[in-house]
Amino acid sequence: MSKIILAIESSCDETSAAVVKDGRTVLSNVVLSQIDIHKKYGGVVPEIASRAHTEAISHLAKQAIEQSGVTFDDIDAVAATSLPGLIGALLVGVSFAKALAYSLSKPFVPVNHIRGHIAAGYLAHEELKPPFCAAVLSGGHTSIIGVDNYTSFRVLGCTRDDAAGEAFDKTARIIGIPYPGGKEMDELAASAKGCGNYEFPSPIVKDSPFEFSFSGLKTAVINRVHNDEQKGIETDREALACAFTKAVISGITTRLENVLNAYPEYTSLLLCGGVSANSHIRKAAEKLCKKKKISFYVPPLSLCGDNAAMIGSQAFYEFAEGNVGGLDHNPIPDSEV
Ligand code: KG4
Ligand code: ZN
């Protein structure tokens, strides 16, 4: 039977509400970014994020219902991102969703944010079905995940320290680009004539074929920029972005290739999460899939970053498995998939 889910996302700095039908069709997806609020601090300030979510959430949920063409009565369940994320920010979305579900006498479905990023693939690609391999690259996560079923996952590789998005944002900050600098780094690398004499280490853990480590790459960028400053050499931001992107791509593609070789049961790759918006990484992952003769999927840019539609998609599959939460359900800040 058809299921319509109202979903809420508030795990970091986007407040979002969406209505999704049967896990695959977006009826509405309203996203309010807090970037302008956090920009002046150089990153997300958790307490400010929670307050901004509180101010926006009821309005956005109402807007999502209005734009979807359904009514609150037509909703079968209310879902919210429950883990992982900033605890105060998660609490706003979960408390709102639980209260709304209770007032409508509908079930509440808690959803894992990383699973949500993977589900963004289902909204964009009708044919995408488990099993497949997912590379979740975001501001908070860098994981290669075996999606064995809609609600059953295996973490095959992950980062030991910073996430890919964090590395983009921190590197951007070093060269004077405001938070979050990932998109601008993408554009700088695209307009570069080449990487000049910049060269950075690949963000991998040597002797551990599936693992990433981005902290050394970040340190290498800081050292290079500071050394140049001391010598009075001006940073070529485009060339630096080119070399940084090249290092990131080399790390991501070698790890993905190692995983795909070790787990031949995965004959499709999904790239997802905020960093999957990166034009260079998209191209490199597609090229790898061509070489490996496997299918390549990536959501459209509008579904790469945080949004509630992806939560509504995953909620459909969680709901089908009976994974609902009571009024005593609490969010969790740290968690894997
Ligand atoms: O998935 P997301 O919206 O939030 C988290 O769950 O963390 O990811 C946000 C991250 C930020 O670090 C942002 O700089 C990065 O995604 N990002 C990009 C691009 N667009 C967003 N990184 C590289 N290239 C892009 N085009
Ligand atoms: Zn995210």
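Visitor: How many aromatic pairs does the structure hold?
Guide: The structure holds ten aromatic pairs. Rings of Phe, Tyr and Trp (its six-membered ring) pair if their centres lie within 6.5 Å; planes under 30 degrees apart count as stacked, over 60 as edge-to-face and the rest as tilted. This is a predicted model, in which local features need pLDDT of at least 70 and side-chain atom pairs count only at pLDDT 80 or more, while totals for chains, interfaces and linings use all residues. Residues are numbered from 1 along each chain as its sequence is written, chains are lettered from A and ligands numbered from 1 in the order in which they are written, and side-chain values use heavy atoms, with hydrogens and water left out.

Visitor: Why is the pair of Tyr122 and Tyr150 edge-to-face?
Guide: The ring centres of Tyr122 and Tyr150 are 5.0 Å apart and the planes stand at 65°, so the pair is edge-to-face. The pair links distant parts of the chain: Tyr122 belongs to helix α4 (residues 113-124), and Tyr150, 28 residues apart from it, lies in the loop between β7 (142-149) and β8 (152-158). Helices (H or I, at least four residues) and strands (E, at least two) are DSSP runs, numbered from the N terminus.

Visitor: And is Tyr122 buried or exposed?
Guide: Tyr122 is buried, at a relative accessible area of 1%. Tyr150 is also buried, at 17%. Buried means under 20% relative accessible area, exposed over 50%, and partly exposed in between (1.4 Å probe, protein chains only).

Visitor: Which residues do ring pairs link into a cluster?
Guide: The cluster consists of Tyr122, Phe132, Tyr150, Phe316 and Tyr317.

Visitor: What about Phe212 and Phe214: why are they called stacked?
Guide: The planes of Phe212 and Phe214 are at 20° and the ring centres are 5.8 Å apart, so this pair is stacked. Phe212 is buried at 1% relative accessibility, and Phe214 is buried at 0%.

Visitor: What sits over the ring of Tyr198?
Guide: The charged end of Arg224 does, 4.1 Å from the ring centre. A charge sits over a ring if NZ of Lys or CZ of Arg is within 6 Å of the ring centre and within 35 degrees of the ring normal.

Visitor: Changing topic: how many disulfides does a search of the whole structure find?
Guide: The search finds one disulfide. Cys195 is joined to Cys242, with an S to S distance of 2.0 Å. A disulfide is a pair of cysteine sulfur atoms within 2.5 Å. The torsion about the S-S bond of Cys195 and Cys242 is about -60°, so the disulfide is left-handed.

Visitor: Where are its two cysteines, Cys195 and Cys242?
Guide: Cys195 is in the loop between α6 (182-191) and α7 (215-230), and Cys242 is in helix α8 (residues 237-262), so the pair, 47 residues apart, links distant parts of the chain. Cys195 is buried at 15% relative accessibility, and Cys242 is buried at 16%.

Visitor: Which protein donors does the zinc ion (ligand 2) have?
Guide: They are His113 (NE2), His117 (NE2) and Asp306 (OD), lying 2.0 to 2.1 Å from the zinc ion. Donors are N, O and S atoms within 2.8 Å of the metal (3.2 Å for Na, K and Ca); water is not among the atoms, so sites may look incomplete.

Visitor: How are those donor residues spaced in sequence?
Guide: The spacing is H-x3-H-x188-D. His117 in helix α4 and Asp306 in the loop between β10 (295-297) and α10 (308-320) are 189 residues apart, a link between distant parts of the chain. Both His117 and Asp306 are buried.

Visitor: Now the strands: how many residues of strand β5 are buried?
Guide: Five of the five residues of β5 (residues 108-112) are buried, so the strand is largely enclosed by the rest of the structure. Phe108, Pro110 and Asn112 lie on one side, and Val109 and Val111 on the other. In a regular strand the side chains alternate between the two faces of the sheet.

Visitor: Which strand do bridges join to β5?
Guide: Five bridges join strand β4 (residues 77-83) to β5, and the two run parallel. Two strands pair if DSSP finds at least two bridges between them. Ala80 stands opposite Pro110 in β5.
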